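I am opening this notebook to set down, entry by entry, what I looked up in the structure and what I found there. The sequence and the model come first, and my entries follow.

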Amino acid sequence: MAMKLPANIWIRRQQCPCGDWKCYIRYEGEDQASISARLVKSETVPSQLSSESVFTPYVGQIFKSDEDAFEYYSNFARKNGFSIRKARSTESQNLGVYRRDFVCYRSGYNQPRKKANVEHPRERKSVRCGCDAKLYLTKEIVDGVSQWYVSQFSNVHNHELLEDDQVRLLPAYRKIQEADQERILLLSKAGFPVNRILKVLELEKGVQPGQLPFIEKDVRNFVRTCKKTVEENDALLNEKRENELLELLEICKAMAKRDTEFVFDYTRDENGKVENLSWAYGDPIHAYSVFGDVVSFDTSYRSLTYGLLLGVWFGMSNHGKAIIFGCVLLQEENSHSFSWALQKFVQFMRGKHPRTILTDIDSGLRDAISRELPNTKHVVCIWHILSKLSSWFLLPLGLHYADFKVQFDMLWHLENISDFEHQWDLLVAQFGLASDKHIALLYLYRASWPFSFIRSSFLARTLTADFFQSLETFLKRILGAQTCLQVFFEQVSNAAYSGSRAKEGMQYLHIKTGMPIEEHAQSTLTPYAFNVLQNEIVLSMQYVATEMRNGSYLLQHYKKMDVERLVSWTQDDEQVHCACKEFDHSGILCRHSIRVLAVKNYFKLPDKYFLLRWRLQNSLGTIDDAHSQGRSEACAQVFHSLAATLLTESLISQERFNYVHGELSGLLEHVRTMPVVDEFSLNRTTVNEFNDP
């Protein structure tokens, strides 16, 4: 009989990009138990309570549910050298099950079995010896809420209790979690014998022989059981995958009829079945004309149920928000499949290639990009690399891993290529990693991830930790539920259409320096971009600019908290260029260049340094951003005036102060409970009413 088909589960790709099929990734910060819980809800991992928090149960102890009580008693049993099982339960028509009996695993006696009609029947010795240790529960209703209390408890055993290294081998505590099950099946299909599989798992987990949470017998039984069902189950999964892909294809066709700008394409395999499917949305396609300079192609997730790889194309808007340009589902994770995905994406985006594309490390994807996007800079996202470090180096480095991670972090931040090469050699020698395959992999991709190699590449702040985290959060949110492909498509569609129109929630930022450059930038840039530039303007005041003989400037921090920077200046074309290359990297002028322009008596930055992608108004049309900004400024001025007057009047006496404080506190609570609207609709008339005496 085939096993029950699971819901569609998305997990992070575990195959390591090093090319060794035996090597797989456990991501830093990723809780593998949470993946198991999503796969099989019935197989929950017992909470590992500390010995201090597990007390001896007592008569009268109350639990919210019988499952809570069983888990508590199970933890107590494990700490004390035995295991438990569920025995009798009693139910009534009114209360349902109202009594639960939990007993020691050695409670009672085995009933004699009929002997098999064989020449030499196996005589199995029973572990049951009539132990009387038990915990009985009774349900009661208190104020309409059901709860369970301990009605009987005995901790008297008639057998020896086990030590810690023995109790973990009891059947109740031997669990093969889903992540390990997948690995065991992979190794078994590759022809590994069971004893060899155990050795591989011990090495990968970094545990001593015999210290896995299961034994050879468990693995042998698991492999034997799976072999009986895997073929039939695979056939059912293939049928379900084909049906869902066909349904998703029909949804795309219906979407294209409703939205003429929605585009999709697909391929079929040699049997005529849907193989790959890619799609993109109308609004994001328009947004791509302005914000398609930098694209992040995320291929972190695959469907464990159907074996489909998910690729999502992201961009960043002028408000710093993620835009979903499109998605692709691929049957294979190879160069040919990635080439097809890239071809379709460029076709959907009307032939425009991005300046820069960010991906994870993947040799097939790298080869496809070099063929299909030869003039696009390929950058490997450093955050993907950092998430793999512990999986790659924690075991070989042991206690030295923490020091390695600190030095690696300093290494990838270096600005000079020669410095990187020198420090890399020192790092490899210090930690003895000359023959490590993952170190070799990182060095092979060195043109794509260290800052020294990509600092001249335009990334539009897509490599910031905040933006990467926002993409991670989004993907986890839409892929967390056990949903079919159709529901997944609806979730992505809603996010794509809303994301392409999303604006920064912060509509007003105070002027900090009073410099004309700052005031002009505030009226030109979105709040997101202005916030970044404003920080550079503030920091520019901490630098001394010394003019050189050739007309360039040497910038030095007054506290030597930054390295010296050389800024070149050309008056004829108002060209300013800093050695830090921040403008080349993000499209926002750096503090060093701003300082030089201030020395040159500029009251506003030249228009060329306000990129279209960061402006309030761009070719996508004006969306009342400038008017909203003006209304926000006027409103702020009104409130500042009122607050100043109110403060002056309230400080005249303690009575006045107490009254104002109480009223303002109440007013604030009232405002917080008022409904929030999407747009700030305060108009000039309302502002004028505030100004009237």
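I begin with terms: two strands count as paired if DSSP finds at least two bridges between them, while helices (H or I, at least four residues) and strands (E, at least two) are DSSP runs numbered from the N terminus. I am working from a predicted model, in which local features need pLDDT of at least 70 and side-chain atom pairs count only at pLDDT 80 or more, whereas totals for chains, interfaces and linings use all residues. Residues are numbered from 1 along each chain as its sequence is written, and side-chain values use heavy atoms, with hydrogens and water left out.

**Entry on confidence.** I looked up pLDDT, the predictor's confidence in each residue on a scale from 0 to 100, and found a mean of 83 for the protein, with 83% of its residues at 70 or more. Residues 1-5 have a pLDDT below 50, and beyond near neighbours in sequence this stretch has 11 contacts in the model, a contact being heavy atoms within 4.5 Å. Over residues 621-631 the pLDDT also stays under 50, and here the model has 13 contacts beyond four places in sequence. Where pLDDT is low, the predicted coordinates should not be read in detail.

**Entry on an open sheet.** I then traced an open sheet of 4 strands, whose order is β14-β15-β16-β17 and whose pairing is antiparallel. At its edges lie β14 (543-547) and β17 (575-578), each of which pairs on one side only. Direction ignored, neighbouring strands of this sheet are turned by 25 degrees against each other on average, where the axes are lines fitted to C-alpha atoms (for helices over the stretch in contact) and angles run from 0 to 180 degrees between N-to-C directions. Strand β16 (residues 565-570) meets β17 through 4 antiparallel bridges, and I noted that Val567 has Cys578 of β17 as its bridge partner.

**Entry on strand β9.** Is strand β9 buried or exposed? I found 9 of the 10 residues of β9 (residues 294-303) buried, so this strand is largely enclosed by the rest of the structure; buried means under 20% relative accessible area, exposed over 50%, and partly exposed in between (1.4 Å probe, protein chains only). Strand β1 (residues 10-12) runs antiparallel to β9 and is joined to it by 3 bridges, with Ile11 partnered by Arg302 of β9. With strand β12 (residues 356-359), β9 runs parallel, again through 3 bridges, and Val294 has Thr356 of β12 as its bridge partner. Strand β10 (residues 309-316) is antiparallel to β9 and joined to it by 5 bridges; the hairpin of β9 and β10 has 5 residues between the strands, and in it Gly307 takes a positive phi near 70 degrees.

**Entry on aromatic rings.** My search of the whole structure gave 32 aromatic pairs, counting rings of Phe, Tyr and Trp (its six-membered ring) with centres within 6.5 Å, where planes under 30 degrees apart are stacked, over 60 edge-to-face and the rest tilted. Trp383 and Trp412 are edge-to-face, because their ring centres are 6.1 Å apart and their planes stand at 80 degrees. Since Trp383 lies in helix α10 (residues 382-397) and Trp412 in helix α11 (residues 401-413), the pair ties together parts that are 29 residues apart in sequence. Trp383 is partly exposed at 24% relative accessibility, whereas Trp412 is buried at 8%.
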